[in-house]
Amino acid sequence: NYQSIQESAGVSNQFMLYVGMIVMIAGVFIMYFVSNQYTKPILRLAAHAKNMQKLDFSTRYKDNRDDEIGVLGNSMNALSDRLEKTISELKTANNELKLDLQRRSEQEQMRQEFLANVSHELKTPMTSIIGYSDTLLHVKISEEQQKKALEHINSECRRLERLSGKMMTLIGLYDEDRIHKEPYPVEKLIQEVADLERYHMQDSQMELLAFSESWECEMDVDLMESLLVNLLDNAIKASKPGSVIELHGEKGCIWVRDFGKGIPEEEIPRITEAFYMVDKSRSRKAGGIGMGLALCQKIAEIHRANLVIESVVGQGTKISVVFQEETDE
């Protein structure tokens, strides 16, 4: 009996050993599985955190868990969204700031060039006036010479008057409160401008052909008259006596064409700059100060229009005022 009890105890111990080993192996697997369920998402959270540290927000934590790890992952996703949006807004603001600084730099450069050109334009007639007035004051000259000196002084004074007037007009165009736009018949505008300019063209024996279709455009009438008068004045200066100049109004567009000397192609992009003149010697003899097309350009912008310049040297120039509102319809 003792021996059988011993044998039974041995078998029982061996069984318990096997059971213990099985339980231990099962426990290892269970622990591995359970730890894997927690370590893998933690490792993914750690990788996501490293990406955030590098400002890489292209990845997100994607496990749908209801435990603390899931809450932490969702919080990190929300933080990534907010940081990504904030950085995007900062980049946009930075780009806008750069563009604003660039525009201000360009405007400052244009302002300096404008002032330099103003100083230059004022210096020439002032020097001439001082010279002729000194002659009249200190030199004995004939009556005929005195008359010529006074004529030069008068001419330079008128030039200064034109310069200051156009400068004030150009500056005033930036004051929107002084601009009043209303629907106005284009054919009426063209007829008024044609009646005004035909009187000035009689001395040069030039013919003005004016025509317009029946349509209306929202405009400041005084400014549009000034624009067309400037275009016609330029056409007159570029044309020979006896030439024909055309002023036409088509729906969405008003254009002036001459058959004069034309503009070199490389000069066209710059002719709307203030004080820029293609032929400086001829322009000054004709009383030009290089601000006419700068005024036209600004007036066109106020009316949401573009100046389209087409020219061939020796054949003439056509300048069109193309209204965006009309052409977009």
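Which residues of α7 are buried?

1. **α7.** The buried residues of α7 are Gly292, Leu293, Ala294, Leu295, Cys296, Lys298, Ile299, Ala300 and Ile302. That is 9 of its 11 residues, so α7 is mostly covered. Buried means under 20% relative accessible area, exposed means over 50%, and partly exposed lies in between (1.4 Å probe, protein chains only). Helices (H or I, at least four residues) and strands (E, at least two) are DSSP runs, numbered from the N terminus.

2. **Basis.** This is a predicted model, in which local features need pLDDT of at least 70, side-chain atom pairs count only at pLDDT 80 or more, and totals for chains, interfaces and linings use all residues. Residues are numbered from 1 along each chain as its sequence is written, and side-chain values use heavy atoms, with hydrogens and water left out.

3. **Overall picture.** The protein has 8 helices and 7 strands. Of its 329 residues, 32% are buried. Take the contacts between residues at least 6 apart in sequence: 67% of them join residues at least 24 apart. Contact means heavy atoms within 4.5 Å.

4. **Main core.** The largest nonpolar core has 41 residues. Such a core is a set of buried Ala, Val, Leu, Ile, Met, Phe, Trp, Tyr and Cys residues joined through side-chain atoms within 4.5 Å. Leu189, Leu227, Leu231, Ile245, Leu247 and Ile254 have the most contacts inside it. Elements giving two or more residues to this core are α4 (186-201), β3 (216-219), α5 (221-238), β4 (244-250), β5 (253-258), α7 (292-302), β6 (305-312) and β7 (316-323). The largest share, 10 residues, comes from α5.

5. **Ile245.** Leaving aside residues up to four places away in sequence, what does Ile245 touch? Its partners are Met201, Met206, Glu207, Leu208, Leu209, Leu232, Ala235, Ile236, Ser239, Val256, Arg257 and Asp258.

6. **Second core and Leu45.** A separate core of 5 residues includes Leu45, Met52, Phe57 and Ile69. Leu45 is found in helix α1 (residues 2-53). Leu45 counts as buried because its relative accessibility is 6%. Leu45 and Ile69 are 24 residues apart along the chain, and their C-alpha atoms are separated by 8.6 Å.

7. **α4 against α5.** Two packed helices are described by the angle between their axes and the distance between the axes. Here α4 and α5 pack at about 40°, with their axes 10 Å apart. That makes α4 oblique to α5. Axes are lines fitted to C-alpha atoms, for helices over the stretch in contact, and angles run from 0 to 180 degrees between N-to-C directions. Angles under 35 degrees count as roughly parallel, over 145 as roughly antiparallel, 65 to 115 as roughly perpendicular, and the rest as oblique. α4 passes α5 in a right-handed crossing. A crossing is right-handed if the near helix is turned clockwise from the far one by less than a right angle, and left-handed if anticlockwise.

8. **Residues of that contact.** α4 contributes Leu189, Glu192, Val193, Leu196, Glu197 and Met201. α5 contributes Val221, Met224, Glu225, Leu228, Val229, Leu232, Asp233 and Ile236. By class there are 10 nonpolar, no polar and 4 charged residues. Ala, Val, Leu, Ile, Met, Phe, Trp, Tyr, Cys and Pro count as nonpolar, Asp, Glu, Lys and Arg as charged, and the others, Gly among them, as polar.

9. **α5 against α7.** α5 and α7 pack at about 145°, with their axes 9 Å apart. The crossing of α5 past α7 is left-handed. Leu223, Met224, Ser226, Leu227, Asn230, Leu231 and Asn234 in α5 meet Gly292, Leu293, Leu295, Cys296, Ile299, Ala300 and Ile302 in α7. This contact has 10 nonpolar, 4 polar and no charged residues.

10. **Arg304.** Arg304 lies in the loop between α7 and β6. Just after α7, Arg304 takes a positive phi of about 50°. Arg304 counts as partly exposed because its relative accessibility is 41%.

11. **Ala149.** Ala149 lies in helix α3 (residues 143-172). Is Ala149 buried or exposed? Ala149 is buried, with a relative accessible area of 3%. Ala149 touches Tyr132 and Leu136, not counting residues up to four places away in sequence.
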